[in-house]
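Subject: Structure handover and findings

Dear colleague,

Please find below the structure that I am handing over to you. A written account of the findings comes after it.

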Amino acid sequence: MAEFAAPAVGDWDFPRGTASIELMTRFAADRGLAAGRLLAATSLSADLLADPAAQVDARQELAVVRALAAVDGSDATALELGRRYRVTTFGIFGFACISSPTLRDAMLLALRYFDLSFAFCIPNVVADGDRIAIELDNSRVPADVARFLVLRDLSAIFAVMRDLLPEIALDDLSFRHDASTVDAYRAAFGVEPRFGADACRATLDPAFLALPLPQANEQTVALCAAQCEALVARRRQRSGISQQVRERLVRLGGVDAGMDEIARQLTLSTRTLRRRLAEAGTSYRALVDEVRQALAEELLDTGVLSVEDVAYRLGYAEASSFIYAFKRWTGMTPAAFARRFRAARQAPPGR
C-alpha cells in the first residue's frame, strides 16, 4: 500500500485566507449571534472578510473559534460547523482537489498544500492493516478548544471528501475524548464512533482511493496546482514579517518595547512595518497581545508563579491590567484558566 507524505506544515500557526472566518460568522448569524461579537477579540473587520485576497494570522481565526465555542462549544455545534465547509470553501485549493484524477491524488495534493486549508489539527494518512486511516493530531491546539477543533476539522475533511466522491463511507471512527450523544456524529460521519480511544482516527477501504473523481480533468488540475504553488509561495513570503515581529517580542519576554523599537530592529520605518503587518491581516498590537497571551498561558501552566508574578514578567505595571487583558483574550481570569488547564491535564486518560 503506497505511503502518504506528511503534511507540508507540522503546526497550525500558518497564515490563512478569510473564508473560514467569514463562514463562521455566517454560521453564528444563523444562530442569532452577530458577527461583531465573534470579531471583537480580533483586529479584523467585516470589510476585510469581504476581501477574497486578504490574509490573516492563524491566531485571529483561533480567537473567532474561541468566541463561537464560548457561546456553544457542544460537540453537535462543532460537527455541524465542520459540515458547512465544502470543497468550494477552499477556493483554488478546492478546485485543484475536485479536478484531481482520483481521491488518492486529491489527498496527496491536499497534504502538499495543507497550509492553504483552515485546519488546526494536523492530519496524517497511514496504512492501518488493510485499511487507510486518517489520524488528526490536536496535541498542539490550545486545550480549551482542542476538542471543538478536532471535531470541526474531521467533520470538514469528511464533508469535502464526500463532495469529491459522494459514495465514500467510513469503516470505523474513534476519538480520544469521552463519550457524547452519538446522533450528531452519525449525521456527520454516517457511523457511530468509539470514545476513549488512543487517537482521533477515521478508517476507510483503500479501494475508494483509486476511484476516478467525477470532475477529474488533467489540464484543470495542472493549472490549479500551479496556482496553489504560487499562492503558497506568496503567503509564506508575506507572513515572514509577522513571525519576525513575534520572535522579537518573545525574546523580550512579552514586554512591549514599542513599535518604533521593533521596526528599528528590523531595519524598517514604523510606517512600513505597520503597512506590512496590515497586508498580513494583523497589527503590532495584535501580535503583542498574541505573544503575551501565549507566554501567560505557559507561565500560568507551571503552577509556580502567582498571577502578580506573571503580570510583572510580561511587563504590566499592575496585576489588574493583566487580569483585564487576559480576560479579554480568553474570556476567563488568569486564575480560572490555571485551574481549568491543570484540571484538564490531570483528567484520567480518555477524557
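The notes below cover the sheet, the nonpolar cores and the salt bridges.

The model is predicted: local features need pLDDT of at least 70 and side-chain atom pairs count only at pLDDT 80 or more, while totals for chains, interfaces and linings use all residues. Residues are numbered from 1 along each chain as its sequence is written, and side-chain values use heavy atoms, with hydrogens and water left out.

Sheet. Helices (H or I, at least four residues) and strands (E, at least two) are DSSP runs, numbered from the N terminus. Four strands form an open sheet in the order E1-E2-E4-E3, with antiparallel pairing; two strands pair if DSSP finds at least two bridges between them. The edge strands, E1 and E3 (172–174), each pair on one side only. E1 (residues 122–128) and E2 (residues 131–137) share 7 bridges, and in their hairpin Gly129 takes a positive phi near 65°. Glu135 is the bridge partner of Asn124 and also stands opposite Arg201 in E4. Helix H8 packs on the sheet, touching E2, E3 and E4, and its direction makes about 140° with that of E2. Contact means heavy atoms within 4.5 Å; axes are lines fitted to C-alpha atoms, for helices over the stretch in contact, with angles from 0 to 180 degrees between N-to-C directions.

Nonpolar cores. A core is a set of buried Ala, Val, Leu, Ile, Met, Phe, Trp, Tyr and Cys residues joined through side-chain atoms within 4.5 Å. Buried means under 20% relative accessible area, exposed over 50%, and partly exposed in between (1.4 Å probe, protein chains only). The largest core has 77 residues, and Leu68, Leu103, Leu164, Phe189 and Leu204 touch the most other members. Helix H8 (residues 146–164) provides the largest share of this core, 11 residues. A second, separate core of 30 residues includes Ala263, Leu266, Tyr284 and Ala325.

Salt bridges. The whole structure contains 25 salt bridges, each a side-chain nitrogen of Lys or Arg within 4 Å of a carboxyl oxygen of Asp or Glu. Arg147 and Asp178 meet at 2.5 Å, N to O. Arg147 lies in H8 and Asp178 in the loop between E3 and helix H9 (183–189), so the pair ties together parts that are 31 residues apart in sequence. Arg147 is partly exposed at 28%, and Asp178 is partly exposed at 23%. Arg16, Glu61, Arg152 and Asp153 are linked in a salt-bridge network.

Yours sincerely
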